[in-house]
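Subject: Structure handover

Hello,

Here is the structure you asked to have passed on. Please open it first and keep it beside you while you read the notes.

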Amino acid sequence: MLTSSPVKAKELDVLLKRAVEFHGHLGPFLVLGLRMGLAGLRELNAKKGEKKLRVTAKLKYSIPFSCAVDGLQIATKCTMGNKKLRLRNHSGIAAKFELEGGEQVTVTVNSALFDTLKGELPSESFPSEEVRELAQLVASTSEEELFTISRG
Ligand SMILES: [Zn+2]
């Protein structure tokens, strides 16, 4: 586990508004995507939209997991359209961040949290109050509890 600083609440707030507008609703996986993106940028000491930045989202490409893709896109400006974002099928949720020809870091959502979200998320009923509450939970949980961060 690498060192990490608490996510800046105001930065997350601004991004969250942008993400909800883009994505259409607020949910825990959207917030997870945002926070994964912020963690990846910080670990690589990269800025969003940086020329050499590439992201690989590893997840099941169906709702609600796929909501994380939009969070990642908003946080990093690596998108499907600019071909800086790739998708890989995965039973959990992780994202690999790399500077082309350079450093790589993988942010993996902790399985306990993932299982909790999967278990509690009502299907086909959002945006509900419960979903918004789960989103707030993910927004306010410490990064150490959300993710495992590893090089490569
Ligand atoms: Zn969503």
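Predicted model: local features only at pLDDT ≥ 70, side-chain atom pairs only at ≥ 80, totals over all residues.

**Zinc site**

Three residues coordinate the zinc ion: His-23 through NE2, His-25 through NE2 and Cys-67 through SG, at 2.0 to 2.1 Å. Along the chain, these donors follow the spacing H-x1-H-x41-C. His-25 sits in the loop between α1 (9-23) and α2 (28-44), while Cys-67 belongs to helix α3, so this pair ties together parts that are 42 residues apart in sequence. His-25 and Cys-67 are both buried.

**Cysteines**

How many disulfides does a search of the whole structure find? The search returns zero. Cys-78 is in no disulfide, and the nearest cysteine sulfur, which belongs to Cys-67, is 19 Å away. For a disulfide, the two cysteine sulfur atoms would have to be within 2.5 Å. A disulfide is a covalent bond between the sulfur atoms of two cysteines. Cys-67 counts as buried because its relative accessible area is 4%, under the 20% limit. Cys-78 is likewise buried, at 1% relative accessibility.

**Core and helix α2**

In soluble globular proteins, nonpolar side chains tend to be buried together. Here the largest nonpolar core holds 48 residues, and the members that touch the most others are Phe-29, Leu-32 and Phe-147. Helix α2 supplies the largest share of this core, with 10 residues.

Helix α2 has 17 residues, of which 16 are buried, so the helix is mostly covered. From its first C-alpha to its last, α2 reaches 24 Å, close to the 24 Å expected at 1.5 Å a residue. After α2 comes Asn-45, which has a positive phi, near 55°.

Which residues does Leu-32 contact, leaving aside its neighbours within four places in sequence? They are Val-109, Leu-113, Leu-117, Val-138, Leu-146 and Phe-147.

**Aromatic rings**

Over the whole structure, a search finds three aromatic pairs. One of them joins Phe-29 and Phe-65 edge-to-face, at 5.4 Å centre to centre and with 80° between the planes. Phe-29 lies in helix α2 and Phe-65 in the loop between β1 (53-58) and α3, so the pair ties together parts that are 36 residues apart in sequence. Phe-29 is buried because its relative accessibility is 2%, and Phe-65 is buried with a relative accessible area of 12%.

Phe-29 also pairs with Phe-114, again edge-to-face, at 6.3 Å centre to centre and 85° between the planes. Phe-114 is in helix α4 (residues 111-120) and Phe-29 in helix α2, so this pair ties together parts that are 85 residues apart in sequence. At 6% relative accessibility, Phe-114 is buried too. Through these ring pairs, Phe-29, Phe-65 and Phe-114 are linked into a cluster.

**Three glutamines**

Is Gln-73 buried or exposed? Gln-73, located in helix α3 (residues 67-76), is buried because its relative accessibility is 11%. Not counting residues up to four places away in sequence, Gln-73 touches Phe-22, Cys-78, Thr-79, Met-80 and Leu-85.

Gln-104 is placed in strand β4 (residues 104-109). With a relative accessible area of 27%, Gln-104 is partly exposed. Apart from its neighbours within four places in sequence, Gln-104 is in contact with Leu-44, Lys-96, Phe-97, Glu-98, Arg-151 and Gly-152. From Gln-104 to Gly-71, 33 residues apart in sequence, the C-alpha to C-alpha distance is 19 Å.

Gln-136 is found in helix α5 (residues 129-140) and is partly exposed, with a relative accessible area of 45%. Gln-136 and Ala-39 are 97 residues apart along the chain, and their C-alpha atoms are separated by 18 Å.

Regards

Conventions
Residues numbered from 1 in each chain as written. Heavy atoms only, no water. Helix = DSSP H or I, 4+ residues; strand = E, 2+ residues; numbered from the N terminus. Buried < 20%, exposed > 50% of the residue type's maximum accessible area, 1.4 Å probe, protein only. Contact = heavy atoms within 4.5 Å. Donors = N, O, S within 2.8 Å, 3.2 Å for Na, K, Ca; no water. Core = buried A, V, L, I, M, F, W, Y, C linked by side-chain atoms within 4.5 Å. Expected span 1.5 Å × (residues − 1). Phe/Tyr/Trp six-rings, centres within 6.5 Å; stacked < 30°, edge-to-face > 60°.
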